[in-house]
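Colleague: Please take a close look at one part of this model. Pick a residue, then follow its surroundings.

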Amino acid sequence: MTKITRIIKEARDQARLTALDFAQGICENFIELHGDRSFQDDGAVIGGIGTLDGQPITVVGIQKGRNLQDNLQRNFGQPHPEGYRKALRLMKQAEKFGRPVVTFINTAGAYPGVGAEERGQGEAIARNLLEMSDLKMPIIAIIIGEGGSGGALALAVADKVWMLENSIYAVLSPEGFASILWKDGSRAMEAAELMKITSHELLDMGVVDKVIPEAGLSNQDLLYAVKQEIVAELANLSQLPLEQLLEARYQRFRKY
């Protein structure tokens, strides 16, 4: 098994910690909130409030399941537009009450179904990009598995973007890339080598700001490590004047 094959397998592993695991693991008293106040709740997106080391925060994440029944409830981690609108509702609420935002991202991409398109999937993603770019609170985004296309980016316009060591982040899946480039999805791993989708490759290119090591860590150890990293970074970001925070976020994405 090649290194890229192992990383992709790890990133897609159903036993991997989920967004809800992180929310409940880093917060002392996480309370999940539901619904976009327009259409319905989307099980693929979780979000709520909790305290992190005594500080109130808002957590939003894209949730995959661990078995078939759970994945059907979570739509295999592919959000509908109402999921992105729920996420935005919670982030705007965080802005109103002065809570930093932490997002956990694990999705192959936004759901491409007819209903999702009819309800404005593209608009919902674009609206999140626009609103997050000017959200007047610190934002940290963490890729915890797959970070696929605009469906991931809709929760990743942040002051700091991190990746777990065995996660991937790309404009589309290696299978999709291979199908477009060579008309042969079986060459996905070859495509993945060209795409530069691993955490360390993206860190070297400046796409992400930090890679959180996973090797040798139990789930509890990983939760603790992520929690400590978030606490330290929020302390730094919270000291920045608002104008400087927003300008740095703007310039972070303009440099691409």
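Modeller: Arg16 is buried because its relative accessible area is 10%; buried means under 20%, with a 1.4 Å probe and protein chains only. This is a predicted model, where local features need pLDDT of at least 70, side-chain atom pairs count only at pLDDT 80 or more, and totals for chains, interfaces and linings use all residues. Residues are numbered from 1 along each chain as its sequence is written, and side-chain values use heavy atoms, with hydrogens and water left out.

Arg16 sits in the loop between helix 1 (3-11) and helix 2. Helices here are DSSP runs of H or I, at least four residues, numbered from the N terminus. Leaving aside neighbours within four places in sequence, Arg16 has contacts (heavy atoms within 4.5 Å) with Glu10, Ala11, Asp21, Arg66, Ile144, Gly145, Leu164, Asn166, Ser167 and Glu214.

Asp21 belongs to helix 2 and also takes part in the meeting with helix 11. On the helix 2 side are Asp21, Phe22, Gly25 and Ile26. Helix 11 brings Leu222, Leu223, Val226, Lys227 and Ile230. By class, this contact has six nonpolar, one polar and two charged residues. Nonpolar covers Ala, Val, Leu, Ile, Met, Phe, Trp, Tyr, Cys and Pro; charged covers Asp, Glu, Lys and Arg; the others, Gly among them, are polar.

Now the geometry. The axes of helix 2 (residues 19-26) and helix 11 (residues 219-238) come within 10 Å and cross at roughly 70 degrees. Helix 2 is therefore roughly perpendicular to helix 11, a term for angles of 65 to 115 degrees. Axes are lines fitted to C-alpha atoms, for helices over the stretch in contact, and angles run from 0 to 180 degrees between N-to-C directions.

Terms used. Helix = DSSP H or I, 4+ residues; strand = E, 2+ residues; numbered from the N terminus. Parallel < 35°, antiparallel > 145°, perpendicular 65-115°, else oblique. Buried < 20%, exposed > 50% of the residue type's maximum accessible area, 1.4 Å probe, protein only.
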